[in-house]
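Me: I have a structure here that is new to me. Can you walk me through it?

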Amino acid sequence: CLVGSEMCIRDSSQNAMKVCEEVIKDLHTAIRSFVGSHGFQRCSFLILYSCIMCVSIILLSSSGGGLIQDVSLEDYFFEFMTVLKLSSKTWKLSERSYNKVRLTLKNEYKVSYHDLFSRFLEKKQTLDDGFLVQGNSIISMINTEDLDPPTDLPSSGWEASYSNLEELAGLGGPPVFTTTENNDW
């Protein structure tokens, strides 16, 4: 491969994306297992960060005609977004990230997360591929009322207030010291 050639760059990008896809699959398996055993409120900062990175990679890999080109990546996108949404009861960072992605979809892709998610669920129900069977996916582990994300987004002032990374100093989350007396944080 010649340094700087377009072919070399394209091959490197494709190889990097393959590695990212494998990591996304592995992280999904681990997070699905954790959430199945411990629930969303016990997700660690590492799990949230992994979800944020996976969602970012999936969105960055999308191009041209469709938002998410690869069907399996579409599954992972909504799975990780579900983790962010439902762990937001424990972590402010999770809520901020979830809302930031929704705002990005609205502003950059001109689509509503609610509409995308609804179409995704309809497609999964129509396909009857086992995705929504209890335990087969993260989405299948939650209550039906949790499946419908709120349609309102924070104002544009919200977006500006969280664009500074120093704002994340108050990440929120479970208590630093937990005892057997206070174990349902």
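Me: How do the axes of helix α2 and helix α3 cross, and within what distance do they come?
Reply: The axes of helix α2 (residues 45-61) and helix α3 (residues 71-86) cross at roughly 145° and come within 9 Å. Axes are lines fitted to C-alpha atoms, for helices over the stretch in contact, and angles run from 0 to 180 degrees between N-to-C directions. Helices are DSSP runs (H or I, at least four residues) and strands are too (E, at least two), numbered from the N terminus.

Me: What kind of model is this, and how are the residues numbered?
Reply: This is a predicted model, in which local features need pLDDT of at least 70, side-chain atom pairs count only at pLDDT 80 or more, and totals for chains, interfaces and linings use all residues. Residues are numbered from 1 along each chain as its sequence is written, and side-chain values use heavy atoms, with hydrogens and water left out.

Me: Back to the pair. Which hand is the crossing of α2 and α3?
Reply: α2 passes α3 in a left-handed crossing. Left-handed is the term if the near helix is turned anticlockwise from the far one by less than a right angle, and right-handed if clockwise.

Me: Which residues of α2 and α3 meet?
Reply: From α2 they are Ile-47, Leu-48, Cys-51, Ile-52, Cys-54, Val-55, Ile-58, Leu-59 and Ser-61, and from α3 they are Leu-73, Tyr-76, Phe-77, Phe-80, Met-81, Val-83 and Leu-84. Contact means heavy atoms within 4.5 Å. By class, the contact of α2 with α3 has 15 nonpolar residues, one polar and no charged. Ala, Val, Leu, Ile, Met, Phe, Trp, Tyr, Cys and Pro count as nonpolar, Asp, Glu, Lys and Arg as charged, and the others, Gly among them, as polar.

Me: How many residues of α3 are buried?
Reply: In α3, 14 of the 16 residues are buried, so the helix is mostly covered. Buried means under 20% relative accessible area, exposed over 50%, and partly exposed in between (1.4 Å probe, protein chains only).

Me: What angle do α3 and α5 pack at?
Reply: About 120°, with the axes of α3 and α5 11 Å apart. That makes α3 oblique to α5. Angles under 35 degrees count as roughly parallel, over 145 as roughly antiparallel, 65 to 115 as roughly perpendicular and the rest as oblique. The crossing of α3 past α5 is left-handed.

Me: Which residues of α3 and α5 meet there?
Reply: Glu-74, Asp-75, Phe-77, Phe-78, Met-81 and Thr-82 of α3 meet Tyr-113, Leu-116, Phe-117, Phe-120, Lys-123 and Lys-124 of α5. The contact of α3 with α5 divides into seven nonpolar, one polar and four charged residues.

Me: And α2 with α4, what is the angle?
Reply: α2 and α4 pack at about 10°, with their axes 10 Å apart. That makes α2 roughly parallel to α4. Phe-45, Leu-48, Ile-52, Val-55 and Leu-59 of α2 make the contact with Leu-93, Ser-94, Ser-97, Val-101, Leu-105 and Tyr-109 of α4. The classes in the contact of α2 with α4 are nine nonpolar, two polar and no charged.

Me: Leu-48 keeps turning up. Is it buried or exposed?
Reply: Leu-48 counts as buried, because its relative accessibility is 0%. Leaving aside its neighbours within four places in sequence, Leu-48 is in contact with Cys-43, Leu-84, Ser-87, Trp-91 and Ser-94. Leu-48 and Ser-97 are 49 residues apart in sequence, and their C-alpha atoms are 9.2 Å apart.

Me: What comes just after α4?
Reply: Lys-110, with a positive phi of about 60°. The value is positive in a residue other than glycine. Lys-110 is in the loop between α4 and α5 (113-127), and counts as exposed because its relative accessibility is 66%.

Me: Different spot. Where is Gly-135?
Reply: Gly-135 is in the loop between α5 and α6 (144-147). Its relative accessibility is 36%, so Gly-135 counts as partly exposed.

Me: Last one, the overall picture. How many helices and strands are there?
Reply: The protein has seven helices and zero strands. Of its 185 residues, 35% are buried.
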